[in-house]
Amino acid sequence: MMATTNLTESGTNTQAFDKSLCSPVWVGEFKQQSISFSAVNILLSITAILGNSLILAALHKESSLHPPSKLLYRCLATTDLLVGLVTQPLYAAYWMSLVHEHWSLCRYSRDAVYISSYALCSVSLSTLTAISVDRLLAKLLGLRYKEIVTLKRTYIILAIVWVVCLVTGLFSRLNYRITLWCTLIVTPSCLIISVVSYTKIFCALGHHQAQIQSHVQQQSRQLNALNMARYRKAVYNTLWVQLALVICYAPLFTVKIVIFLSTGRFSNFFLIYGMATVLIFFNSTLNPFLYCWKISEVRRAVKQTIRQAICYA
């Protein structure tokens, strides 16, 4: 009973902070910073749209990736594209509404940003968790992997993820307590699943390496080493993307926890909250660069897409 009471009181603190985001008290003190935040979000919106559109075009042409794996990357790029198309322009509008003191627009844009970012970030986190599980299944199932992890089943899983995340996002402003519990349960669960998956993968890689070294046949050893090198590279590629998301999301998650537990004034958190939110949206611009840097198939397809675009121009 006491724990529930404390949780409710802390939740009230967070709701009070959310309401203060459209308060006249911030206008005079942080007007210049609000303009800067708006400009940064517009810039990041453009880069996210261009970068992820290019990645989606490249993935459409790329045929060497396993179709379910490619679908997961396309889903991730789609969420990043929607962040650039929807969430970041709304967030820029929020900051400008503060500058011009349009309080009704401020409230609408704040709620729209919260709903869209909650839904899209949940999809991104769930998709990256699915990618980590997909890489683990590729190692554990061996030749049965392509029979079990099919394109149809991947579509079904992603459809469920999108529906659940969109519904949760829509209800995020209607019932704060449900949203809070979903966040406290789902986010750690996704991270734990990813950590366990990568831990098992690296343990399996170490065990497989020991087996390869004990093999007598040179040809079999070379073939296994080649396949394992490709798999290891694919695992490290997805791990980079996963780490980038954790690094970009961790500051805002930390700020929310501090606000949740705080009993004082919120003025110290206003700019920090804004910067942490921008860092989350920056992840949508960062991911296309990570794909091109770490995934050779995507990099090759992107170069081909750019060449074709230049030729047609």
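Okay, so when I say helix here, I mean a DSSP run of H or I with at least four residues, numbered from the N terminus. By that count, Ser116 sits in helix 4.

Quick housekeeping. This is a predicted model, where local features need pLDDT of at least 70, side-chain atom pairs count only at pLDDT 80 or more, and totals for chains, interfaces and linings use all residues. Residues are numbered from 1 along each chain as its sequence is written, and side-chain values use heavy atoms, with hydrogens and water left out.

Back to Ser116: is it buried or exposed? Ser116 counts as buried, because its relative accessibility is 12% and the cut-off for buried is under 20%. Beyond its neighbours within four places in sequence, Ser116 is in contact (heavy atoms within 4.5 Å) with Val86, Thr87 and Leu90.

Now the loop between helix 3 and helix 4, which is where Glu101 sits. Glu101 isn't a glycine, yet has a positive phi of about 60°. Most residues other than glycine have a negative phi. At 44% relative accessibility, Glu101 is partly exposed, which means between that buried limit and exposed, over 50%, using a 1.4 Å probe and protein chains only.

Conventions: Helices (H or I, at least four residues) and strands (E, at least two) are DSSP runs, numbered from the N terminus.
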